[in-house]
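Trainee: I have the sequence and the model open. Can we go through it in short questions?

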Amino acid sequence: MHAPGHNRPRNSGTPLDPSWFEGVGVNASAVERRAASLTARRSVKKEYQAAWLVQALTCIDLTTLAGDDTPGRVRRLCAKARRPLSEDLLAALELDAPPTVGAVCVYPTMVAPAVAALAGSGVPVASVATGFPAGLTPLPLRLAEIAYAVEQGAREIDIVISRAHVLNRDWAALYDEVQAMRAACGSAHLKAILATGDLKTLRNVYAASMVAMQAGADFIKTSTGKEDVNATLPVSLVMLRALRDYGERTGFSIGFKPAGGLRTAKDALNWLILMREELGVAYTRNDLFRIGASGLLTDIERQLAHYATGRYSASYAHAMA
Amino acid sequence: MGKIADILKTMEYGPSPEASDAVRAWLLLHDQGFGHFINGAVTKPGALFEVRDPSTATQIAAATQGTGADVEAAVAAARAAQPGWAALPGHERAKYLYALARLTQKRERFLAVLEALDNGKPIRETRDIDIPLVARHFYHHAGWASLIASEFPGSRPVGVCGQIIPWNFPLLMLAWKVAPALAAGNTVVLKPAEFTPLTALAFAEICVEAGLPAGVVNIVTGDGETGAALAAHEGVDKIAFTGSTDVGRLIRRATAGSGKRLSLELGGKSPFLVFDDCDLDSAVEGVVDGIFFNQGQVCCAGSRLLVAESVEARFVARLKTRMARLTVGAPLDKSTDIGAIVDPSQLRRIQGLVEAGRAEGAEIFQPETKLPATGSFYPPTLACRVEPANILAREEVFGPVLATMTFRTPDEAVALANNTRYGLAASVWTENINRAYEVASRLKAGVVWINSTNLFDAGAAFGGYRESGFGREGGREGLAEYLTVADLPRKPVAANPARFSAAPGPAAPGLDRTPKNYIGGQQARPDGGAVYSVRDPQGRALGQAGLGGRKDIRNAVEAAAKATGWAGATAHNRAQVLYYIAENLSARAKEFAERLRAMTGEPGESEVEAAIQRLFFYAGFADKYDGAVRAGPRKFVTLAMNEPYGVLGIVCPDEAPLLALISLVAPAIAVGNAVVAVPSAAHPLAATDFYSVLDTSDLPGGVVNIVTGENDALALTLAEHDGVDALWRAGPNAGEKRLEEASAGNLKSTWMLGEGVDWAQAQGREFLRRACEIKTIWTPYGE
């Protein structure tokens, strides 16, 4: 069984070519307007909303990235990842098969317990690495950390880029770094966290996206969840335009992962609308779309319970992650 | 397998209808048909016409066809209510406007659904755009009501306003008309469009709920005949019309010479300029908001896409992809992008124009969008390879149809953009601010959106250049349309009118010196070569003047149109030239005074002195009559720029032959116009002497052109000339009707000053205001 996203030709990268992003206009005001009106242009209700929420659920990278993570905490998260919906909800929704989340995302030292807890579920383990979240440890250590996580069984590595390379326009350094990380990943997929809250301008976001993809990223991801501003719709829109442009030039489909700040079912629907409107239905599926979140799942469960029962549900009624 | 599993395969949005129960219940209450709203009460329904939901082609209501008697009653009610309404302290009027805003807001959802049902536009637009802007407009003007006394001291309301509004933004256009009128102390008779009367009738109920005094707002429903009756009614002091250029022309003719104030917001063929350095994806979204908003039934729709040839292929490819994602369907569905065309007749018009465009060589693209089986729907349409002569490049389609052309350079982009009879709006996409403002300044358009499109705010003036009409709505400029800001000073008209005869007559005794016309900075013999005799009050020949004709006016207008450098000169520079003219006039004051005395029999010294003062006054103003930054939406710099009309025709009275000429010409050129002036026919010699003053004052050739001859005939030629952008005329009222009728050709702005103006007092901002049109430039900022 393929883990989500592991069924497509991988991005082989291209030589660094700044002409793909330098001089590309990104007008922040217009992007903000589009992002604001986009989610007001589409609405999903009733059974359609329930279906969309199930879809969102399957795209979640269920995440714990806290200093107090323990193997026990990770096991509980994995249990939720395997079976996010209760039996009665599953029955009410009449799905073909019980859904799982897209992946479980943890720190490198938590990969082993996660892999064990998810054995046989088909849910891959993703590990952050490379001195997450700041990414300012020496490059050899960052690469070694990737190797460690892969060795522990991580199928996906969420790396952080050196923001300094973007802020100082050192595209070659950024490219070399991500390329080296991609090599260290081996068969594991590389998700490049751009930490867009640190990059500030949308032109920086576009350029960093393009360099990461040229260096071989399989996914581009907005945020660590630790910046002041995490995933926003305008930033996501710019990243989607970048990966579409990259795809048009190379034929590769790059995945997208917003992370941080998506907490409500409504957020999840908004991002799914963004994906569908900008890139089509294929980009609403978890091989090309992930949502980095922890609390989101509970809100989705509550909305699904409301659909199934017609009553508003209490959060304590759902098994916690 | 369940429904959810099915949906997961396609990820369709599914239906998402907005509830319409409250609206349908309201319509049921009125199932006997709607009457008018006159003098605070609803009239009994009369002869009814059907009101249909264009998305289903079914009748949803019936409204009364307004008769002449209905209009009469409404105007009478408005007239009776007007003094009391105007006499209320501004604060009291503000409270009513505030109540209208609040009540609109409280019924936002109801009005949004009603509008979508009646007009066919998507609920997203009525909910997120139309109705919030309505409330904003009433709030903004509640503010003005409080401020008029202090912000427009000495002003007074115009009186009874007849307002005729279109079907594309029914309630928003009502707000644009009613709010400023009421704030300024006017009362109104409003006629909504026959296709879409329902939100106006709902607004009548809001007026009652707000306790608005009876007669302040009157609403008469009906078709064009009702509108014509209102436009022609003698008891109406002002007509404000929004609609097609053709109907605007009819109204211009119908109101000609009546002394009615007139503002016209008409059609457009607005350019949407995409430069190669812009954010192409955002520009694609701009196109969506520009031409597919409200099914393209928007007067300022960006209907001509001008795209840099170097990015055309990429841009058009992205646009096509985007168009394929637009949904066309039920207006009340929250996921609908494009709703119904307002009426089958409009749908047929769109279909006809697209076919004609195709026949003329346009390549038509329509995505495979599913259209509903019934109702009036039209898919988003892109016409590529549209040459400037193509009907789709010239005619306003008023549908979701975009005509595409390419350009190579910014100069060419501007030339193509301005290659139209219209001048309502424009949208400029570039990441280069120098280029953005260069292009914005050269576009002939009343509104320019930089990296944005179709944005509106109650505080920002909206209105067109050229055949897109005149007058502005919104903001300070819009309010001024509903005020008499300053009455012209008047004095009794002379008992013995000056005499003029075109019959050949003698020259002055002595050496013959016959002045010629002054065109393009050169003296030019009248085309016909004829002259006429200028006489003193005793009938003695003082000399001769050229008997100018049509071709002289033509030549003068051509020279004026070439004098574009004047508008581009710095205001400081224009001021210096005006000072220089004053200086040179002063040096020859004695000679001018003698000339005036000879022609009029009056001592001329004070007139010459007043003329010098007037030149100083407008020289002083040249670099101070500047624009403003409007407090609109956040993160926009919204500029209100005063721009000269271009070529201004000026027809002078017989009174104060030098002073009147200078009182009219000086403000016109101070702001950058080029003028064609027709001096008093009876007393032309001060004007013809004056051109030698101009010659020595560094005034560039063509900025002031002087054609002497029979006043009314030359004025008519100016009024008819499509290259004249505005016409001022001071003279007996009897001549005004013909001129204003003739001005309908290119819908030039006219200012009829009448006779008996006290020229010694006639100066002020009003002259500058009349010499400019407002260009509103919206520039977003953000990083």
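Trainee: Which residue is the bridge partner of B:Glu363 in β14(B)?

Mentor: This is a predicted model, where local features need pLDDT of at least 70, side-chain atom pairs count only at pLDDT 80 or more, and totals for chains, interfaces and linings use all residues. Residues are numbered from 1 along each chain as its sequence is written, and chains are lettered from A and ligands numbered from 1 in the order in which they are written. Strands β13 (residues 363–365) and β14 (residues 381–384) of chain B pair in the antiparallel sense over three bridges; pairing needs at least two bridges found by DSSP. The partner of B:Glu363 in β14(B) is B:Cys384.

Trainee: How many helices and strands does chain B have?

Mentor: Take the extent before the count. The C-alpha trace of chain B spans about 110 × 60 × 45 Å along its principal axes. Its secondary structure comes to 27 helices and 33 strands.

Trainee: What radius of gyration does chain B have?

Mentor: The radius is taken over C-alpha atoms, and the globule rule is 2.2 Å times the number of residues to the power 0.38. Chain B has 783 residues, so a compact globule would have a radius near 28 Å. The value for chain B agrees: 28 Å.

Trainee: Which element gives the most to the side of domain 1 of chain B that touches domain 2 of chain B?

Mentor: The domain assignment, automatic or from a database, gives domain 1 (21–266), domain 2 (271–467) and domain 3 (548–629 + 643–772) in chain B. In chain B, 25 residues of domain 1 are in contact (C-beta atoms, placed from the backbone, within 7 Å) with 26 residues of domain 2. On the domain 1 side, the elements that give two or more residues are α5 (108–119) and α6 (123–151) of chain B. The most, eight residues, come from α6(B).

Trainee: How far apart are the centres of domain 1 and domain 2 of chain B?

Mentor: The centres are taken over C-alpha atoms. Between domain 1 and domain 2 of chain B the separation is 29 Å.

Trainee: How many charged residues are on the side of chain B that touches chain A?

Mentor: Here 34 residues of chain B are in contact with 31 residues of chain A. On the chain B side, α1 (3–10), α6 and α11 (280–291) give two or more residues. Ala, Val, Leu, Ile, Met, Phe, Trp, Tyr, Cys and Pro count as nonpolar, Asp, Glu, Lys and Arg as charged, and the others, Gly among them, as polar. That side divides into eleven nonpolar, nine polar and, for the charged class, 14.

Trainee: Which are the edge strands of the open sheet in chain A?

Mentor: Eight strands form that sheet, in the order β7-β6-β5-β4-β3-β2-β1-β8, with parallel pairing. An edge strand here pairs on one side only. In chain A these are β7 (255–257) and β8 (291–293).

Trainee: At what angle do α2(A) and α12(A) pack?

Mentor: Axes are lines fitted to C-alpha atoms, for helices over the stretch in contact, and angles run from 0 to 180 degrees between N-to-C directions. In chain A, α2 (residues 46–58) and α12 (residues 265–279) have axes 10 Å apart. Among the residues that meet are A:Trp52 in α2(A) and A:Leu272 in α12(A). The packing angle is about 85°.

Trainee: Where is A:Pro133 found?

Mentor: The peptide bond from A:Phe132 to A:Pro133 is cis, with omega near 0°. A:Pro133 is in the loop between β3 (125–128) and α6 (139–152) of chain A.

Trainee: What is phi of A:Ala195 near?

Mentor: A:Ala195 lies in the loop between β5 (189–193) and α9 (196–199) of chain A. Its phi is positive in a residue other than glycine, near 50°.

Definitions and conventions. Helices (H or I, at least four residues) and strands (E, at least two) are DSSP runs, numbered from the N terminus. Two residues are in contact if their C-beta atoms, placed from the backbone, lie within 7 Å.
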